[in-house]
Amino acid sequence: MQGYLNHFLDNLDIVNSKEVCKFLEVSKLSFMPEYGPKFKEEFVMVRHLPKIHTEEESTQCNNCWWLCCCCNENWQKVWAVLKPGFLAFLADPFDATLLDIIIFDVLSPSDGNGEGQILLAKLTKERNPLRFGYTVTCGNRTVKIRTKGSGKSRDWVAAINDAGLRPPEGWCHPHRFGSYAPPRGLTADGSEIQWFIDGKTAFEAIASAIEEAKSEIFIASWWICPELYLRRPYDVNASSRLDALLEAKAKQGVQIYVLMYKEVTIALKINSLYSKRRLLNIHENVKVLRYPDHFSSGVYLWSHHEKIVIIDYQICFLGGLDLCFGRYDTPDHTLGDYPPKIWPGKDYYNPRESEPNSWEETLKDELDRQKFPRMPWHDVHCALWGPPCRDVARHFVQRWNYAKRNKAPHEQAIPLLMPHHHMVIPHYLSGKEKRDVLREDQEEVYQEIKKRSSFSTQSSFQDIPLFVPRVDSEQDRAARHSKLNGLDKTVLPFFRSRSNMEACFTETQMKDFVDDHDIVFFQQRKPEGRVLQLKQNLSEKEWWEMQERDGQSVSTEEVGQVGPRTACRCQVLRSVSQWSAGTSQLEETSIHAAYCSLIEKAEHFIYIENQFFISGLEGDDTIQNRVLQALYERIIRAYNEKQCFRVIVVIPLLPGFQGGVDDAGAASVRAIMHWQYRTICRGKNSLLENLEHVLGAKVCNYVSFYGLRSYGRLCEGGPLATSQIYVHSKVMIVDDRAVLIGSANINDRSLLGSRDSEIAILAEDNEYVDSYMNQQPWKSGRFAHSLRLSLWAEHLGLRGLEVNNIKDPVSTETYTHIWRGIAETNAAVYQDVFGCIPNDMITSRYAFRQEMAKQKEKLGHTTIDLGIAPDKLEDYENGNYKGTDAHETLLKTCKGRLVSFPLQFMSNEDLRPVFNESEYYASPQVFH
């Protein structure tokens with residue numbers, strides 16, 4: 001029989017007939033590996049779709065399965081395809097064009113009536129006993145479907161619920177932290193991650209990835225500037241402009257999908273309509289959706305805040321960097337650019353001074369470069385490979401399809417998308433069987449993954465057998481094996497080097513970050529370290545070098561702006577809801593849950609960088625996220641147990657919005673300051689005030705707050721200026737073993753799920769290096785440790801062997817003498833040289849006005865935050881005046897960029913909006 005069927009299926013004339021496809025239940029989607037194994041397929045009837053025009057329209061009623069009555073109710077015959085993650089509808093088996101798709105999503109735990117769990121599919125009772133059907137409910141939609149008989153309806157209901165509900169790893173079950181995505185990298189499944197610090201390295205990596213795109217590019221961003229140069233100097237890198245890169249790939253046939261946040265124009269000046277028109281004019285292969293429509297959706301206060309770029313489902317970039325002006329920066333955080341070489345036109349950006357009213361004349365300067373500095377930008381981004389990348393792509397597809405249905409339901413040029421399937425641990429095996437199978441197959445699968453290009457269109461890992469109708473002969477298998485082993489390794493766009501790192505994969509070290517049932521341990525060789533190889537000729541200091549080392553510790557010479565490509569356990573997390581992604585649940589808050597869990601289980605230290613820090617303690621009815629409560633409880637526990645425990649928080653010195661602190665039009669700036677100081681140190685709901693009741697003066701030994709600042713001349717012979725470095729990163733590092741990177745700020749907007757939409761990745765190390773924690777030997781994670789060392793080296797101005805002094809993050813030498821010592825010294829020097837704000841000397845708006853008037857009288861010109869220094873500082877020696885050069889003073893005494901956060905700034909003022917300011921009548925939720 002097997003031989004007969006193989007011979008039968010070798011006849012293409014027979015195989016390609018609709019009757020055979022119907023009999024075998026196969027279609028163009030059946031055996032496309034990117035969509036997963038074949039499940040059930042069949043012709044069904046639906047009525048929610050627009051009219052489908054076919055050649056059989058004239059004879060449809062004569063061949064109707066349901067006695068013609070269906071035609072009178074707009075029922076149509078379509079081909080249904082069930083896959084592990086979705087149910088798709090096609091016009092016929094030979095047409096891969098989607099008519100509709102239901103992407104399986106996490107369902108609510110109950111239906112709210114105490115009747116048990118909601119099912120994906122349910123049988124329906126028809127008034128006509130000759131009709132048989134069922135409904136599929138997922139997201140915020142319910143689709144009615146009819147079949148030829150009651151048996152077929154029951155089969156479909158069972159198959160659909162089986163696909164989405166039965167496996168513990170099914171898409172309709174919430175995973176750890178309530179996330180839609182399971183933890184990846186528990187085995188050698190190709191899950192890898194690489195970090196980038198600041199815009200230069202991240203943008204160059206994104207440009208190289210776009211240049212390698214073969215089939216599709218997904219971009220989702222809060223703000224997109226088509227004229228953004230991803231490589232600098234811009235005059236010799238014209239081809240790296242975002243619109244030029246996308247145009248080149250679109251002309252090669254690459255499909256490009258761009259999701260943009262549609263802003264409320266009276267509140268924001270990012271002009272997404274202009275960006276959309278520019279992108280659509282590039283090529284017909286560029287598709288753009290702006291969402292939400294505020295009037296129809298009723299969503300005015302919240303935004304789509306993710307920053308995602310996905311290339312061919314193979315590599316994904318996410319983090320804090322939008323593809324827009326003002327984000328490109330280097331570790332030098334230069335203030336000036338005159339004449340312009342790096343930041344053209346409006347890319348010379350300082351929102352504290354001025355926000356452009358129009359972005360259409362992009363090469364026209366908004367600021368006088370000889371008088372005003374740009375605002376340096378600090379950010380953290382990352383790249384993902386393997387299953388986590390496809391998890392992020394699934395999120396994008398879910399959002400794209402939801403926006404398409406709401407914005408362009410009948411626009412043929414805007415297609416629906418299908419998510420690629422990621423092969424996970426086989427659902428049909430028990431825990432022991434999984435380990436046995438994976439032990440046998442792990443090395444073979446890993447060797448296959450190693451040989452494939454990062455941008456290959458093939459699936460990188462398949463641990464569920466693909467059900468195909470044709471069985472290979474021995475010759476076929478031998479030929480395929482020979483072909484696989486003969487892949488040319490020289491085409492890989494990565495260079496490799498074996499790591500001598502110790503793969504410490506013990507439960508003792510990792511159990512605090514992963515639930516027990518999520519852990520599968522293997523003492524096997526891990527994927528080799530690799531680094532994204534860019535096409536630019538970059539200096540060795542800018543890129544992380546991968547080379548053979550005899551030791552197990554991170555080399556101090558490797559501390560830089562880009563990290564090693566590392567095999568980690570990764571889980572994608574989200575803040576989404578029904579308005580933002582059309583989810584079945586009211587909201588998903590897995591980022592918030594992960595923050596609280598990681599803080600609770602931290603053993604030695606927590607390092608946070610974030611654009612905002614607004615959170616609440618238990619009993620706070622105004623602020624709902626509980627990151628602050630988790631920090632408070634963990635610090636109190638450390639104090640009670642007499643444990644050395646550190647929490648370091650780095651945030652912007654001032655909100656990055658237009659207007660001086662005392663300006664009449666800067667109520668938004670003051671409002672955000674109010675909520676941040678309320679969280680940190682002012683009032684009964686603040687962290688420091690509550691800790692002081694228990695710890696007294698020892699609070700600073702456990703938690704402290706910081707900002708970043710830079711200085712420099714704006715041009716040759718020009719004024720000496722300073723500006724805060726705007727901390728836009730959203731990263732938390734715990735115990736040098738776990739890292740949370742994403743787009744989410746620490747505030748209710750980002751963490752409650754029902755407000756702004758966000759995405760993040762939690763990376764937990766599989767490979768460890770020798771380090772220290774509180775002067776005791778400690779196994780630090782390779783990914784987390786290298787990222788922290790690089791961030792701290794930049795902030796503290798450490799070079800070469802100096803980095804060895806901060807390998808132990810909690811010791812008194814590191815925390816008190818180096819970290820706090822440098823921050824306090826730098827803050828004092830900036831105060832002496834510039835008198836800039838914010839500072840602890842100015843506690844009221846009256847004091848600020850006096851200082852502003854004094855500096856303007858003395859200097860004739862200053863910035864909105866008092867950022868211009870005099871040429872000579874007033875200094876006296878033996879009672880005689882001696883002018884000291886301001887620039888020399890800074891060079892001699894300042895180290896790095898770190899400064900203490902001024903906790904007393906404006907402490908005598910109520911910074912909330914007052915009745916004569918428009919912000920007074922806005923919901924306070926806008927600001928927190």
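Predicted model: local features only at pLDDT ≥ 70, side-chain atom pairs only at ≥ 80, totals over all residues.
1. Start with helix α17, residues 687–695, where L687, L688, N690, L691 and L695 are buried. These residues span an arc of only 160° around the axis, so they sit on the same side of α17. As a reminder, an α-helix has 3.6 residues a turn, so residues three or four places apart point the same way.

2. What do the buried residues of α17 pack against? Their partners are α15 (627–640), α16 (667–680) and β22 (703–713).

3. S686 caps the N-terminal end, with a side-chain oxygen 3.4 Å from the backbone nitrogen of E689. After the helix comes G696, and its phi is positive, near 65°.

4. Two peptide bonds to check are cis. One runs from R232 to P233, with omega near 0°, and P233 belongs to the loop between β9 (216–221) and α6 (242–251). Another joins I837 and P838, with omega about 5°; P838 is in the loop between α20 (812–833) and α21 (845–859).

5. D198 has a positive phi, near 70°, although the residue is not glycine. You'll find D198 in the loop between β8 (192–197) and α5 (199–211). Is D198 buried or exposed? Its relative accessibility is 0%, so D198 counts as buried.

6. Q775 is another non-glycine residue with positive phi, here near 65°. Q775 sits in the loop between β28 (768–773) and β29 (776–781). With a relative accessible area of 61%, Q775 is exposed.

Notes: Residues numbered from 1 in each chain as written. Heavy atoms only, no water. Buried < 20%, exposed > 50% of the residue type's maximum accessible area, 1.4 Å probe, protein only. Helix = DSSP H or I, 4+ residues; strand = E, 2+ residues; numbered from the N terminus. Arc of directions from axis to C-beta. Contact = heavy atoms within 4.5 Å. Polar contact = N/O pair within 3.5 Å; in protein donor to acceptor, adjacent residues only side chain to side chain.
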